[in-house]
Each structure stands twice: as C-alpha cells, then as structure tokens.
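Subject: A structure for you to look at

Hello,

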Amino acid sequence: MKKIRIVAALLILLSLTSCSSIEDSNGADDTTLSSITEDQILGRDMGWNVFGLKENKSRLVTRNSDYYSNEGFYESDDYDFYKVECKSASGITNLIATKSEGESEKISFTVSSNIEEGNLKVVLVKRGDEEDELIYEFITGEQDLYELTVNELGIYYIRAALESFKGEITVSRDFADGSN
C-alpha cells in the first residue's frame with residue numbers, strides 16, 4: 001500500500017510540473033518565439049496551459065455541420081469570431097477552423113493581438129495528410145488581414161503559439177459570398 005501511495009504522489013508531482021509555462025527567454029522587448037519551433041507549430045502534438053482565460057466566440061452561420069465528422073476534426077473550432085484574453089498562456093492551440101469548399105472560394109482572415117508580456121506567433125495553416133502546411137504568418141501586436149483564394153477542398157486553421165503570453169488575440173473570418 002505504501003508503494004502505491006509513493007507512485008501516486010510521484011504521478012501527481014509529474015503532472016503538476018508538466019503544466020508549467022514556457023519561459024520567455026529572449027527578453028521583454030522581443031515578442032518572437034524563443035522556444036517553440038515551426039516544426040512544433042506544424043505538428044499534431046498540441047496543447048496549451050492557460051491561466052486567467054476569458055473567451056468570446058461566435059458562429060454567425062454554420063456552413064456545413066458534418067464536414068469534420070469523417071476526418072477527426074470538431075465543429076467546435078468552427079467560429080466566425082474568436083477573442084481570447086489570457087493572464088498567462090504557453091503552448092500551441094487552434095483558435096478557429098475553416099473548411100474550404102473549393103471552386104475559387106475567397107476567405108478573409110483578420111487577426112489582431114495585444115501582447116502585454118511574453119511571445120506570440122499566429123499562423124494560418126492548411127491541414128495536410130502527414131503534417132500541416134504553413135500558409136501565412138500574421139503580424140503580431142497589431143491588426144493584420146490575409147485573403148485566401150482556394151481551389152480545392154481543405155481544412156484551414158488559425159493557430160497560435162504562445163510562450164508566457166499575457167494579452168489578447170482576436171480572430172475573425174469572412175467569406176466573399178457573404179456567408180460566414
């Protein structure tokens with residue numbers, strides 16, 4: 001019984017230490033990533049540790065409620081607007097997901113961010129078979145717009161990589177045909 005308690009205590013201790021934030025090792029004036037790599041951003045092993053989270057998200061129109069079901073993705077990431085405020089956040093997470101129907105579809109993504117502390121990178125990625133493809137890196141610390149024209153079916157994510165991040169990120173999307 002004593003061995004079980006020791007093992008349980010060690011497991012709890014390990015789980016608590018794995019929830020630590022990623023240190024901002026490049027200084028207060030440099031908000032570029034210092035620890036998270038592009039390979040990690042494009043990989044499939046995501047997760048983030050966050051403290052003081054405040055979210056505001058909305059879906060104006062659900063375009064196709066079953067388009068994630070056969071591909072292992074979740075409609076819960078399909079938003080037209082997403083705003084997150086954090087007191088401390090580290091890791092990699094998808095903010096919104098969008099499925100393109102193809103046929104010269106035009107999609108606009110607007111990202112604005114306010115970085116009080118830490119490091120932030122926000123990117124647009126296309127879901128790939130083995131690894132995701134980087135499409136665009138948004139400028140952080142201000143508002144940035146990227147317009148995408150796609151001619152094939154695909155799933156796109158606005159993904160954030162955060163290191164000891166304190167601040168706010170706002171993402172919105174719009175389809176050229178007026179639907180969201």
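This is a predicted model: local features need pLDDT of at least 70, side-chain atom pairs count only at pLDDT 80 or more; totals for chains, interfaces and linings use all residues.

Residues are numbered from 1 along each chain as its sequence is written, and side-chain values use heavy atoms, with hydrogens and water left out.

**Layout**

The chain has 2 helices and 7 strands, where helices (H or I, at least four residues) and strands (E, at least two) are DSSP runs numbered from the N terminus. Along the sequence these elements follow the pattern α-α-β-β-β-β-β-β-β. Of the 180 residues of the chain, 38% count as buried; here buried means under 20% relative accessible area, exposed means over 50%, and partly exposed is in between, with a 1.4 Å probe and protein chains only.

**The core**

A nonpolar core is a set of buried Ala, Val, Leu, Ile, Met, Phe, Trp, Tyr and Cys residues joined through side-chain atoms within 4.5 Å. The largest one has 26 residues, and those with the most contacts inside it are Phe-109, Leu-120, Leu-124, Phe-138, Ile-158 and Ile-169. The elements that give two or more residues to this core are β3 (81–100), β4, β5, β6 and β7, and the largest share, 8 residues, comes from β7.

**Salt bridges**

Side chains of opposite charge can pair when their charged atoms come close. With a salt bridge taken as a side-chain nitrogen of Lys or Arg within 4 Å of a carboxyl oxygen of Asp or Glu, a search of the whole structure finds 8 of them.

One of these joins Lys-121 to Glu-137, with the closest N and O atoms 3.7 Å apart. This pair links distant parts of the chain, since Lys-121 is in strand β4 (residues 105–126) and Glu-137 is in strand β5 (residues 133–138), 16 residues apart. Lys-121 counts as buried because its relative accessibility is 15%, whereas Glu-137, at 42%, counts as partly exposed.

Another salt bridge is formed by the side chains of Lys-126 and Glu-152 (2.3 Å, N to O). Lys-126 lies in strand β4 and Glu-152 in the loop between β6 (143–150) and β7 (154–175), so the pair ties together parts that are 26 residues apart in sequence. Lys-126 is buried, with a relative accessible area of 12%, and Glu-152 is partly exposed, with 46%.

The side chains of Asp-132 and Arg-159 also meet in a salt bridge (2.8 Å, N to O). Because Asp-132 lies in the loop between β4 and β5 and Arg-159 in strand β7, this pair ties together parts that are 27 residues apart in sequence. Asp-132 and Arg-159 are both buried. Finally, Asp-78, Asp-80 and Arg-173 are linked in a network of salt bridges.

**Single residues**

Most residues other than glycine have a negative phi. Ser-164, however, has a phi near 50°, a positive value in a residue other than glycine. Ser-164 is placed in strand β7 and, at 19% relative accessibility, counts as buried. Glu-23 and Ser-164 are 141 residues apart in sequence, and their C-alpha atoms are 5.9 Å apart in space. Glu-23 is found in the loop between α1 (2–17) and α2 (38–42), and at 57% relative accessibility Glu-23 counts as exposed.

Glu-105, in strand β4, counts as buried at 11% relative accessibility. The side chain of Glu-105 makes a polar contact with the side chain of Ser-100 (3.1 Å); a polar contact is a pair of N or O atoms within 3.5 Å, where within protein one must be able to donate a hydrogen and the other to accept it, and residues adjacent in sequence count only if both atoms are side-chain atoms.

**The largest pocket**

How much space lies in the largest pocket? The value is about 170 Å³. On a 1 Å grid over the protein atoms alone, a pocket is an open set of points where a 1.4 Å probe fits, with protein on both sides within 12 Å along at least five of seven lines, and lining residues have an atom within 4 Å of a point. Among the residues that line this pocket are Ile-22, Arg-44, Asp-45 and Ile-92.

Best wishes

Methods: Grid points are joined across faces, edges and corners, and a volume is the space filled by probe spheres set on the points.
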